[in-house]
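Subject: Structure handover

Hello,

Here is the structure I said I would pass on. My notes on its salt bridges and on one helix contact follow below.

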Amino acid sequence: MRTAEIRRRFLDFFAERGHTVVPSAPLPTPDPTLLFVNAGMVPFKPYLTGETAAPWPRATSVQKCVRTLDIEEVGRTTRHGSFFQMNGNFSFGDYFKEEAIAFAWELSTRPAADGGYGLDPERIWVTVHHTDDESRALWRRIAELPDERIVARGDEDNFWSMGVPGPCGPCSELYYDRGPALGRAGGPAVDEDRYMEFWNLVFMQYERGEGSGKSGYPILGELPRRNIDTGMGLERMATLLQGVDNLYEIDETRPVLDRAAALAGVRYGADAEADVRLRVVADHVRTALMLLGDNTAPGNEGRGYVLRRILRRTVRSMRQLGYGDPALADLLAVARDCMAPSYPEVAESFARIADQAAGEEEAFRATLRQGTTVLDTAVARVKSEGGGQLPGSQAFLLHDTYGFPIDLTLEMAAEQGVEVDRDGFTALMREQRERARADARARKSGGTDTTALRGVLDENGPTDWRAWDTLTTDSRVLALLGSSGPVPVAREGEIVTVVLDRTPFYAESGGQDSDAGTLSGASSESEVIDVQRALPGLVVHQVRVTAGELAVGDEVCAAVDPEWRLGARQAHSGTHVLHAALRQILGPTALQSGSYNRPGHLRLDFPWRGSLSTTARSEIEEAANQALRRDLPVGVRWMTLPEAKELGALALFDETYGEKVRVVEIGGPWSRELCGGTHVERAAQIGVVALTSESSVGAGMRRLEAAVGVEGFGYLARERDLVARIAEQLQAPRAELPDRIAALLDRLKSTDRENQRLRQQATQARAAGLAAGAVEADGVLVATATADGGADAARSLAVAVRDALPADRPGVVAVGAGTGGGKAAVVAAVNSAARAAGQDAAALVKRLLNGRGGGSPELAQGGGLPQEELSRRLDSVPGLVREVRGA
């Protein structure tokens, strides 16, 4: 049974039993604790925890998931995959254990001809929590399972919680006996390779308190409403029903593995290490396809870094298999054909996906070449100093600056007989991750402790948010939080986080900056600095008290600055207009992957290889302003997500959408996007869209920036004035400026080339004179000099003098030059005859500079010498030459 069919049967089964089919959420998630959806319950988390009322009593989904904590284990075990799909059925206070167990048993064992999976009931084992006698009894009654196939296990295996205070409960897991060829008899407690888990039923019935680990917390009591959360691993079920050994060999991954093997000229199953690499490729290519399909772009942090790492591990694995040519586009096409039956959007977006991946692959291949040079230099330095270990800081530099995977550093260092300080590297990586997490938490919550905010949300409910409807509200202060936690009052000059019962302020989201404005009360005035959604449903305001005292319970008038809001609306609508113009000129692959807009300014990131031509930029700008000239209407419609997709509306993939979505249209079908931002009523109100820059923000990713509204007109006015001044200075008509400036640049380049030629001639002439005047010291010709122009000039002169000395006579040259700040640099050069006679440029520099400096035995350099000591040190060179030779 193919994986797409397994998926369809699951959804059909639960739809027939009253469950609402909920589409998979995009992989990127707005949850501040996660980068990607990593479990089927994540999109339902607000309903399961009680933060938000569920829109349906029961639901079912097949959720795309990505987990990368065990990425190093991918390919090495049969249980780890970075991308997987979780079939789930959920009850929000509707049904509980009996129905969940009955559903799981019926679907698992019903004959395939009747719409089930046809698993042999005699080979199914289940586990229950050791205290859950109710579930044990239900399994005996519903499935007629004997006691020996109902295994009791402890908290570590069969008790679920989110790791924080909140809902928890026992769980029951279903396992399938794959036969004695795969391990020992005795059930899942004995061997989880032979007995494969395929479904987990979580019974949320208790509330847990503070504590750590799987059981280090108290159970506070029963939940007021009991929920069901189940997860069936789609790949696990496919492994069972397709009779293959592991998830890398099912129909959605095996074709990728086979294609990788064909490209590399290897056979799967012939070599254990090659098999690991082929499995890595099969898993990672599918993961990359799905991440790129959900509009994640490769980058240096967060989600982008995860995707970049996955793509680079794929390229690296193909390289280890002996295939050095570009491979991603080929492999992704195979993965597309595997996944499109369930996710047709990956086929629709494939041109963009393949282009982004190819750009990343091209960049990484260049990185490999550059990083290899850096690594070889670092290894040579370690060995020259008598060491045997590459510092962790060097491995981190290779990883962080050059994108070199640590496993590549380890392997290539080992090939040269050098170890790597893995502990030092790990410590630096940990510090970087902690900084990134702290920064992400601060951005999500405005730096405020979310525990305190959760208490406010639990006590008062969600914020009454009015940003779409009004610029002012009469509001009450529910809470004030300072840097150390809740405070009863904030005084003049203090900055605090304020929670209001209702607010007209737009909280930063969807690329739109937060509103600015004021809170005015009977005894206080406050300036609103920032507005965020710190928790789902809760809007928080960072404010500076400008007069009086602001206290909890105060009644205030919350007022958005109308000029700020107008600018924000112009910028956000301008972003939609620019996006539509971009796709009109460049085609549908130029899909927005990120944006930011604030009054007067917008930026938009999109996948594209190579910079845009001047003509393309002009056409995009003209298409955007034509929409403004036509004064296209801007409208908002609410509809279901499937209806929006059917209409062709574009979705932002870092947003989570509810049952109803908000579609913003500009000119009807010309621009349709799912959006929660604020917008103008008609396009002409944007004023103007003036492109200010186009740049690269990573491999295969470009950024457009533009000024809009009054700021756009100001930008164009400044450009006009600048052109007028240049025309006046050059005494040329504006139309002739490009040709006139090009001619000036050509003249400057020609002059620079002539000056360089003259400098080289002067250096050669001086070098010949210095070589002729070289003095002999212990059989070695020694020349010293000073140079004007800094260390580069000193290096050029030293090399020129060395080359002018007789090739058959040992020759040593030392040249000093001032480098600014009263300091001087010294460069030493020796010819091959001097090297044979025992001379060493690096050793000479170190003696001249008291241990500082370094380089090769033929050419070395050092700095930091006080200017007034330069002549004396150069005079000492003949004596030092004797010392170096004798050393």
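**Salt bridges**

Arg308 forms a salt bridge with Glu360, and their closest N and O atoms are 2.6 Å apart. A salt bridge here is a side-chain nitrogen of Lys or Arg within 4 Å of a carboxyl oxygen of Asp or Glu. Arg308 sits in helix α9 (residues 302-320) and Glu360 in helix α12, so this pair ties together parts 52 residues apart in sequence. Helices (H or I, at least four residues) and strands (E, at least two) are DSSP runs, numbered from the N terminus. Arg308 and Glu360 are both buried; buried means under 20% relative accessible area, exposed over 50%, and partly exposed in between (1.4 Å probe, protein chains only).

Before going on, a word on the source. This is a predicted model, in which local features need pLDDT of at least 70 and side-chain atom pairs count only at pLDDT 80 or more, while totals for chains, interfaces and linings use all residues. Residues are numbered from 1 along each chain as its sequence is written, and side-chain values use heavy atoms, with hydrogens and water left out.

By the salt-bridge rule, the count comes to 47. Another of these pairs is Glu681 with Arg569, where the closest N and O atoms are 2.7 Å apart. Glu681 lies in the loop between β26 (671-674) and β27 (689-696), and Arg569 in helix α17 (residues 562-586), so the pair ties together parts that are 112 residues apart in sequence. Glu681 counts as partly exposed because its relative accessibility is 46%, whereas Arg569, at 17%, counts as buried.

Glu694 forms a salt bridge with Arg702, again with closest N and O atoms 2.7 Å apart. Glu694 is buried, with a relative accessible area of 13%, and Arg702 is buried at 10%. Elsewhere, salt bridges that share partners join Glu5, Arg8, Arg9 and Asp12 into one network.

**Helices α8 and α12**

The axes of α8 (residues 272-293) and α12 (residues 350-384) come within 10 Å and cross at roughly 115 degrees. Axes are lines fitted to C-alpha atoms, for helices over the stretch in contact, and angles run from 0 to 180 degrees between N-to-C directions. On the α8 side, the contact (heavy atoms within 4.5 Å) is made by Leu289, Leu292 and Gly293, and on the α12 side by Phe350, Arg352, Ile353, Gln356 and Ala357. These residues divide into five nonpolar, two polar and one charged, with Gly counted as polar and Arg as charged.

Regards
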